[in-house]
Amino acid sequence: MDVSAVDPSLASQAWAALCAFPLSPSLWLLVFIGVFAGMAVGVLPGFGPPAAMALLFPLVYTLDPLPGISLLAGIFYGAKYGGAVTSILMGIPGEADAVATLFEGRPLALAGKAKQALAAATLASFTGGTLACLGMALLAPALSRAALFFGPSGRAAVMAGALALVAFTSPGGARRNLCMIFLGLALALPGMDPVYGTARLTFGSPLLSGGVELTALLLGLFGLGDLLNALLQPERRGPEQEAPAAPPLRRLSAAMAALRGTLLGFLTGLVPCGAGVTASFASHALEKRLSRHPEDFGRGAWEGLAGPEASNNAAAMASFAPLLLLGLPTNPIMAALLGALTVMGVVPGPSLPQEQPDFYQGFFFCLIIGNMLLLAMGLGLAGFWARLARLPFRLLWPVILLLCLTGSYVGADGLAGPVQCLAFGLLAVFLKRQGCSPAPLVLAFVLGPRLETHLLQTLFSYW
Amino acid sequence: MRLIVAFSPGSALDGAARALARGAEKELGVDIIVQNTASGAGTTAVAQLAKARADGSCLAACAGNALIFLPRRNPVSYDPLRDVEPLLVFGQASPVLVTRPDAPWRDMASFLEATRKSRGSMRIGIPGLGSPSHTALVMMTAKDPSLSWRFIPFGGPGEAETALLGGHVDAAASGALPRIRQGQLFPLMILAGTRPVTLPQVPTLADGGFADPGRGDASFFLLAPKNVPEETLNRLCAAFEKAAGSEDFLKTLEHFSVAPVLKAREEAKAFLSEAWAEEDATLKAAGLSR
């Protein structure tokens, strides 16, 4: 890219952006409502952002595009943050994005550092989100073109690369992790074929007709799995007593981890291939490789918490670029946003920044405002959340069990959810005894259908 | 209430269904949650609907191909004439075959010429296997054996367009009208027998001497599961019919270049069985039936 040609437009864009800074209190209030509602649904697994957004849609249609979309967007990243809270406190990731947060966040909470872990996650998330927004406001038109270069074969390659990266960096050794990846890919197979639309491997059972439900898999493998592990080992009264002391917080290296995570998340967010999940897993793997104390990873390394948190929030922000500049939704939530935009008369496309500069620049400022509100709320509530984590295990486990079962029921919209959740809970116990980490399985499961689709598209292209 | 939409967001079906849902929401006084289930060119969505609770809390919007063409090609878990109840036909798509504005071919004739020269190595992105535009193109190759393409299935027209803009396919079946207007996509041919008023200069299938693959496949159906109480159905039908007649809805159809073909419940039901019978003859003519 010719840098000298970009600079003047950067400066003028920055100036235009500053002029567009929204000051209206009602706008701030709507962003606050969005972020707060998102955080609330984020801490209730299963009841995800799509449901909350659907509830607010009728309100949104009565608003102007900017406040309306900012409200919906607030739900989206507020919920991502809420997912991190449950990951750290209870070990139940409500969304696949929050799994990488759990690796280090959960041990920290068990070691009694829940408040600090939440604060670190909040700060990292704020850094990732804000920097990604600024990057987007200035560079997105140029960068979103990059998304076009990734065709079916490119995307399949990125996903295969992400899986390989995780296989060779996750704890447990490459052989076990590869087994987990193939198990994850196999679990993604039952249900409807993503290309041909035919039912496969369902064995005629209604429990499998919709395939394996992601919420059930996450809640089963992590929340319920931990719980069963603790309950099946009566000599240890609860997970909190087996926790080793947390490694020391090295502020500088944690900050660097957050910055690296931001860059990684920003770039993956622009390419629609499972942005948040891929970015957070990759960031965790990267930090482990770069760390001078790799032995801390899995015991509560702060770098391994900050990196993924920054990257998944950066990816969430960056995934607005394909939506606004290409009209390409990269996940169901973006799809709902696209629908809302169309209704409100905003046509996403490369000419959006020129055609509706007020909306375009204002939107990024609303994202930044939302991130600031999230930072304030996150830091303010960290003490409150952390007190929840100090509840004795005998009070906490019924809550976790309840959240797992209801969450998976809501997620699968039927009894298939809790049944699958229980099955995955037992699988998690078995995997733990075998020394396998379920994390590569989750990544493979999430990427499986997309990898399959893009692989088939590639094969159709050449053969 | 839930409305399952059989195509991915940004497609004409999705736009029309969302506009319809918004109108009906006002009539019914409940929120309608729109859910996109794009896989299997729409059959997944219909299969989900056929299994849904028959209390009127779940409806589906699909293109006719999920009811007419696809069940003949693939084993599906529902019987399109028995397991679902058509409530409304709310539009008929006229997909446009598009290419990049900088592509070497400037009209349909030169595109077909290039296709013949390439001997089947040109790629067309389609919004799903067995989607109406796919059927139309396959029938072109059946009519003229010197034509052949590689069809790359995507999750919807938006994804196919993106692949086109990135240069991963040579053409995409069904381009969105706003992008054609903005000059990002160049229209080659309308893959239907009728031309939308907004693209007067683009040739249709009939102009090129090819058969129309059937208006049934390209029609948009609103479906309910079987055995929903009659009373509920009447209430829903009244609300959705009123929504389909509204100014806003018709504007949305025009925006997505969908022909405003509206058929109420009885008519829609008759139309489905008629199109089902028509399809047999068409497919046999094209050598596509199993």
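Let me begin with a definition: the expected span of a helix is 1.5 Å times one less than its number of residues. What we have here is a predicted model, and in it helix 2 of chain A, residues 25-42, has 18 residues and reaches 25 Å from its first C-alpha to its last, which is close to the 26 Å expected. Its buried residues include Leu27(A), Leu30(A), Val31(A), Gly34(A), Val35(A) and Gly38(A). As background to that list, an α-helix has 3.6 residues a turn, so residues three or four places apart point the same way.

Let me turn to chain B, where an open sheet of 5 strands with mixed pairing runs in the order 7-6-8-5-9. Strand 7 (150-153) and strand 9 (186-190) stand at its edges, and because each has a single partner strand, one side of each is left without a neighbour in the sheet. From one strand to the next, the twist averages 30°. Within this sheet, strand 6 and strand 8 of chain B pair in the parallel sense over 2 bridges, with Gly125(B) opposite Ala172(B) in strand 8. Helix 19 of chain A, residues 439-462, lies across strand 6 and strand 7 of chain B, and runs at about 170° to strand 7.

The other sheet I would like to show is an open one of 6 strands in chain B, ordered 2-1-3-10-4-11, again with mixed pairing. Here strand 3 and strand 10 of chain B run antiparallel and are joined by 4 bridges, and Ala61(B) stands opposite Leu222(B) in strand 10. Helix 9 of chain B, residues 230-245, packs on this sheet, touching strands 3, 4, 10 and 11 of chain B, and its direction makes about 5° with that of strand 4.

How values were computed. Residues are numbered from 1 along each chain as its sequence is written. Chains are lettered from A and ligands numbered from 1 in the order in which they are written. This is a predicted model: local features need pLDDT of at least 70, side-chain atom pairs count only at pLDDT 80 or more; totals for chains, interfaces and linings use all residues. Side-chain values use heavy atoms; hydrogens and water are left out. Buried means under 20% relative accessible area, exposed over 50%, partly exposed in between (1.4 Å probe, protein chains only). Two strands pair if DSSP finds at least two bridges between them. Axes are lines fitted to C-alpha atoms, for helices over the stretch in contact, and angles run from 0 to 180 degrees between N-to-C directions. Contact means heavy atoms within 4.5 Å.
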